[in-house]
Amino acid sequence: MTDTPLHPARPHTATQLLVAQGGDPFERARESVLRAREAVDELLTVLPQDQQRLRERFTELTDSLRRGHGQLAHRQLSQAERSALALPTLPSWGERASAHEGPVGSRPPALRAEDEPVYGFADALEAVSRDLAGAAAHLSGSQAPAGGLHRVMRAGAMAEAATAAEHLTHVFTAAVWDFERPAMPPVPPDLGRVELRSAPRAAPQRRWARQARVIFTPGRVEILGADGSRVIGDSEPMAMAVHVAPAAPREVLMPYDPAERYRRTPCWDELGVLHFCSASGYSLGAIAVADWLAQPEYLLAQERAMLPGSEHLRARELLVRGLDVAGISAGLALLGVELRRGVLHPPSARSLESATMRRTRGQQARMPAGAVVHPGSEAPGSPGFDPPPVVDLIRPAPHLQPYRGLAARAAPAYKRRLRRHKRWRGDTGPASPVNLVLRAPASAAIVIAGLGGAYLLAETWFIRLCAVWAVLAVLEPWAWTALERLRDRRRWRPVALYRPGPSAGVSRAFATRAALVFDGRDIAVRGPGGHEAWLSGPGQPEPGVVAVQRLSDETGPWAVALAGRAGEWRVVLPLATWVPDGDLTGLAGFAREAGLSLSDVHAERLSASDDVFADGSASAAARSRGPASAGLLILAFWALVTAPLTLLGWRVATAGLLILAVAAVTPVLARWIRERRLARTFPP
């Protein structure tokens, strides 16, 4: 779970999407416009000269982006705008609401690439050009700060249009690269199968980092994950794969999952989604590329680090190399299907209807005029708003321990996010499916059981029920957490183990948890947050690890990389923390036990904005820690407040209340002490 206070309403307008990214919205908008300008400039360098009409259209995009950036260049938030943004609910006047998570084509893509080289491109380019020009024009009329958020709203419209332009341009640049500079097709692997492994997971989802995978075999794709096994290509053959960016749902919407299963994933939007499509063009299922990469930022930048003087395009790095380094290109070669590019998601062959109930007449009456909302969904902005998925996305597993039962529905999730803006929070989840039912009357049950038990009513069934209810409300969250951890426990013994250990400046969590593990078949990398990524070892299906490379630049060694057969990086670990004394003896011993070769490679120094294996990173901190503290402390508060009122009655009731308070507080206090100890760093 996350304790970061989000705005409770699920974002459904451009302004809300901008604000949900965090930070200064004007700065975020400027960054979006600059990224879009860079994407268009890249495309213009590779676009053939005979494509004069397309060149003119993208030059128009550049002009709109330049005007928009000029208007945003010096804007700062006023005090009134800061106050409005600090409110739990953002005002919205006249903004276009979207009830869907991504653009989906009204018709499937054509089977022949010659008929439509980039799926949905023509209509999308027209819409993006129109929205971008309109957003840039509207910015010029909002110079003076005001008490509302109209300047932020216009910046949000500009940022959203620029983001759409960036992704559209990247997809088209990748398509141009595919056509103008085709690469040699990957050679199918000797073992006749390609296995993609999941991105890192921490307890209690750590087992899925080892078990979840995408298995490519001739004519067939099998996806194994927490939701079971899914086979694509058996009942209906695959005819093509369509690569679409951005992914759906977008990264900014990840924290708004009602069950709070997922954290934000680096490069999620940029790497996009791969659809496996039938001959009719409908999607049989899809995977997100970022779900199957351990360190997207490092792996995508390998070519830039090793060939610093050559031409590098961001679009190629994301959408061409992204499929290569993930192993998807080799998998598609094994399937024998064509790769297509798209800016729209193909319609799904399966029904993606929401499981929520139909709206009542009152809910129907509150619907905004002209809103297009699925019959099973609430109106945008309402507590129960949770639009149905638009992509049949198959994910390996949740990142976090999810909320379950009634707590995993949209309306309770909205209330939970709203309470996180307050000090008095009643949430004790994530826990079992009955957690919300137990917690709702728990405070009243404690008071009634304490007073009723102390004063002559202890033998009544209602007081006994309240006492049992209070005990269950305190113990259930921790019991469920213990059960989840027990299910996630390891059932294997390591054959070889390497630990970097403590060093100056690293946390105790890194010194305790960070490790490389070999189980006799596969290799695991464990980070400071307990996240594990599993990689195929020598002799196992591609893509795997066969070597340990020491990476050096002009200033000396800076990292070690676990590399595949063609020298492609699978994981990059900074030398300063993973080999703190520079002595590779321990790592060499691990490599020898695992059957890995050792080599030195020259590569320019790189850094990642968010690396799950780096000490102190946001991804390393994003893990499940058990039940929420505030709700349990509130239960302890009610027990302690009620205890003095029972002193003149039956003392057993007083003792029971004190024991209940201790049972609620002790695990929370122990966890707090442990987290503080693990966060301490070793002195220089």
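Reader: Hi! Over which residues does pLDDT stay under 50?

Author: Hello! This is a predicted model, and pLDDT stays under 50 over residues 355-376. For that stretch the model has 25 contacts beyond four places in sequence.

Reader: And where in the chain is confidence lowest, and where is it highest?

Author: The lowest is helix α14 (residues 361-365), with a mean of 44, while β7 is highest at 97. Where pLDDT is low, the predicted coordinates should not be read in detail.

Reader: Good to know. What does the chain average?

Author: The average pLDDT is 89, and 93% of the residues score at least 70.

Reader: Let's go to the strands. Which ones pair with β6, parallel or antiparallel?

Author: Strand β7 (residues 273-277) runs antiparallel to β6, joined by five bridges. Strand β9 (residues 338-342) pairs with β6 in the parallel sense, also over five bridges.

Reader: What are the bridge partners of Ala-241?

Author: In β7 the partner of Ala-241 is Phe-276, and in β9 it is Leu-339.

Reader: Are the faces of β6 covered or open?

Author: Both are covered. Met-240, Val-242 and Val-244 are buried on one side, and Ala-241 and His-243 are buried on the other. In a regular strand the side chains alternate between the two faces of the sheet.

Reader: Back to Phe-276. What does it touch, leaving out residues up to four places away in sequence?

Author: Its contacts include Phe-216, Val-221, Ile-232, Met-238, Met-240, Tyr-282 and Leu-335. In the largest nonpolar core, which has 106 residues, Phe-58 and Phe-276 touch the most other members.

Reader: Which element gives that core its largest share?

Author: Helix α6 does, with 15 residues. Apart from this core lies another, of 28 residues, among them Val-525, Trp-578, Phe-590 and Ala-591.

Reader: Tell me about α6, then. How many residues does it have, and what is its reach?

Author: Helix α6 covers residues 150-180, so to speak a run of 31 residues, and spans 44 Å from its first C-alpha to its last. That is close to the 45 Å expected at 1.5 Å a residue.

Reader: Why is α6 described as largely enclosed?

Author: Because 23 of its 31 residues are buried, α6 is largely enclosed by the rest of the structure.

How values were computed
Residues are numbered from 1 along each chain as its sequence is written. This is a predicted model: local features need pLDDT of at least 70, side-chain atom pairs count only at pLDDT 80 or more; totals for chains, interfaces and linings use all residues. Side-chain values use heavy atoms; hydrogens and water are left out. Helices (H or I, at least four residues) and strands (E, at least two) are DSSP runs, numbered from the N terminus. The expected span of a helix is 1.5 Å times one less than its number of residues. Buried means under 20% relative accessible area, exposed over 50%, partly exposed in between (1.4 Å probe, protein chains only). Two strands pair if DSSP finds at least two bridges between them. A nonpolar core is a set of buried Ala, Val, Leu, Ile, Met, Phe, Trp, Tyr and Cys residues joined through side-chain atoms within 4.5 Å. Contact means heavy atoms within 4.5 Å. pLDDT is the predictor's confidence in each residue, from 0 to 100.
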